[in-house]
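Please look over the sequence and the model below before reading on.

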Amino acid sequence: MSIAYIALGSNLGDKEANLRQALKMLLVKGLPIRSASSFFKTEPYGVTDQPEFINAVACVKTDLAPEKLLKLLLDTELEMGRVRLRHWGERNIDLDLLLYDDLIYYSEKLVLPHPDMQNRLFVLQPLSEIAADKIHPVYKKSIQNLLKSLTDGDE
């Protein structure tokens, strides 16, 4: 059994309800939720001319291989009606695979750990709430220290 961390985000419709629905769907699809962070209101990242987001992170147990887990996440987005209009654009749901055990993995479809998570406050804040001491397999720093580096850099 592997442990994976999944980022959830929404900035269209009832954002909190979208995140709750996604968590329920993951559970129904056989991904027991070990823990989930609080919901955080965050500013858009990359493309800023869009509504603010609600973000969270969930820790799940899975027997699925990483690419199969990614497919389950993408299928869940589609089932919830996600439409990709523009890169980093508005979305009713976004599910990103952040970490899968301590795996470092590169393929055409998937890079683990998520290649930009260390630069994203909307990922590190909720992840730190549920896994502050988790060590990033590439940077060899705890999530808490990555968050501190990012927030100290903003001052």
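The radius of gyration used here is taken over C-alpha atoms, and the rule for a globule is 2.2 Å times the number of residues to the power 0.38. With 155 residues, the rule puts a compact globule near 15 Å, and the protein has 15 Å, which agrees. This is a predicted model, in which local features need pLDDT of at least 70 and side-chain atom pairs count only at pLDDT 80 or more, while totals for chains, interfaces and linings use all residues. Residues are numbered from 1 along each chain as its sequence is written, and side-chain values use heavy atoms, with hydrogens and water left out.

Taken along the principal axes, the box filled by the C-alpha atoms of the protein is roughly 40 × 35 × 30 Å. The protein contains four helices and seven strands; helices (H or I, at least four residues) and strands (E, at least two) are DSSP runs, numbered from the N terminus. Their order from the N terminus on is β-α-β-β-β-α-β-β-β-α-α. A contact means heavy atoms within 4.5 Å. Of the contacts between residues at least 6 apart in sequence, 65% join residues at least 24 apart.

The protein exposes about 8100 Å², of which carbon and sulfur atoms supply 53%; accessible areas come from the Shrake-Rupley method with a 1.4 Å probe, and for residues only the protein chains shown count as cover. A residue is called buried under 20% relative accessible area, exposed over 50%, and partly exposed in between (1.4 Å probe, protein chains only). Buried residues make up 48% of the 155 residues.

Which residues of helix 1 are buried? They are Lys15, Asn18, Leu19, Ala22, Leu23, Met25 and Leu26. These residues cover an arc of only 160° around the axis, which puts them on the same side of helix 1; the arc is that of the directions from the helix axis to the C-beta atoms. On the other side of helix 1, Lys24, Leu27 and Val28 are exposed. The cover over the buried residues includes strand 1 (2-10), strand 2 (33-36), strand 4 (53-62), helix 2 (66-79) and strand 5 (94-100). As for length, the expected span of a helix is 1.5 Å times one less than its number of residues. The 14 residues of helix 1 (residues 15-28) should therefore span 20 Å, and the end C-alpha atoms are 20 Å apart, which agrees. Gly30, with a positive phi near 95°, follows helix 1.

Helix 2 also has 14 residues, and its first and last C-alpha atoms are 20 Å apart, close to the expected 20 Å. Its buried residues are Pro66, Leu69, Leu70, Leu72, Leu73, Thr76 and Glu77. They lie on the same side of helix 2, because their arc around the axis is only 155°. Lys68, Leu78 and Glu79 are exposed on the face turned away from that buried side. Strand 1, helix 1, strand 4, strand 5 and strand 7 (111-112) are among the elements that cover the buried residues of helix 2. Helix 2 is followed by Gly81, whose phi is positive, near 90°.

Side chains of opposite charge can pair when their charged atoms come close. A salt bridge is counted where a side-chain nitrogen of Lys or Arg is within 4 Å of a carboxyl oxygen of Asp or Glu, and the whole structure has seven. In one of them, Arg91 and Asp94 have their closest N and O atoms 3.0 Å apart. Arg91 is buried at 8% relative accessibility, and Asp94 is buried at 12%.

Lys134 and Asp102 form another salt bridge, at 2.6 Å from N to O. This pair links distant parts of the chain, 32 residues apart: Lys134 is in the loop between helix 3 (121-131) and helix 4 (143-154), and Asp102 is in the loop between strand 5 and strand 6 (105-106). Lys134 is buried, with a relative accessible area of 17%, whereas Asp102 is exposed at 52%.

A further salt bridge joins Lys148 to Asp152, with 2.7 Å between the closest N and O atoms. These two residues are four apart in helix 4, so about one helical turn separates them. Lys148 is partly exposed at 47%, as is Asp152 at 36%.

Finally, Ile3 lies in strand 1. Leaving aside residues up to four places away in sequence, Ile3 touches Arg34, Cys59, Val60, Lys61, Leu99, Tyr100 and Asp101.
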